[in-house]
Amino acid sequence: MTIKEGYLSDDGTEIDQTTVPTPTLCLSCLKNNDATEEVSCMINRMDQMKETKSGERFLCFAYEPNDPSINKKKVLQDMDKCWMEQNRKYLAQKKKRIVTKKQ
């Protein structure tokens with residue numbers, strides 16, 4: 001049995017790290033160039049890759065600004081609002097599918 005190394009998608013397909021976009025939020029994060037955070041950051045970026053490429057907002061609740069002038073609390077509140085809106089839309093779509101199946 002061969003063990004694959006590197007990053008893999010849910011279906012086991014290898015993901016080339018260089019194809020995973022680095023969102024703007026990451027560029028202002030202390031963890032962006034921290035080797036101990038590399039794996040968790042990459043997994044979060046890969047998880048949201050499709051959304052990021054289509055222009056949706058990248059969310060990372062582990063964000064730590066690298067500039068003291070950045071209001072971390074406000075950034076996280078804005079992300080939380082965005083996340084809540086995404087969940088509201090997702091649940092509305094799911095409810096619509098369930099109603100349609102029952103009919």
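Read along the sequence, the protein chain of this predicted model follows the pattern β-β-α-α-α-α, with four helices and two strands. Helices (H or I, at least four residues) and strands (E, at least two) are DSSP runs, numbered from the N terminus. The radius of gyration, taken over C-alpha atoms, is 17 Å, well over the 13 Å that the globule rule gives for 103 residues, so the chain is more spread out than a compact globule. The globule rule is 2.2 Å times the number of residues to the power 0.38.

Residues are numbered from 1 along each chain as its sequence is written, and side-chain values use heavy atoms, without hydrogens and water. Local features need pLDDT of at least 70 and side-chain atom pairs count only at pLDDT 80 or more, while totals for chains, interfaces and linings use all residues.

The table gives the volumes of two spaces.

| Space | Volume |
|---|---|
| Largest pocket | About 170 Å³ |
| Largest cavity | About 70 Å³ |

On a 1 Å grid over the protein atoms alone, a cavity is a set of points where a 1.4 Å probe fits but cannot get out, and a pocket is an open set with protein on both sides within 12 Å along at least five of seven lines; lining residues have an atom within 4 Å of a point. Grid points are joined across faces, edges and corners, and a volume is the space filled by probe spheres set on the points.

Residues lining the largest pocket include Gln17, Asp34 and Met42. Among those lining the largest cavity are Leu25, Phe58 and Tyr63. Helix H2 (38–47) gives the most to this cavity lining, with three residues.
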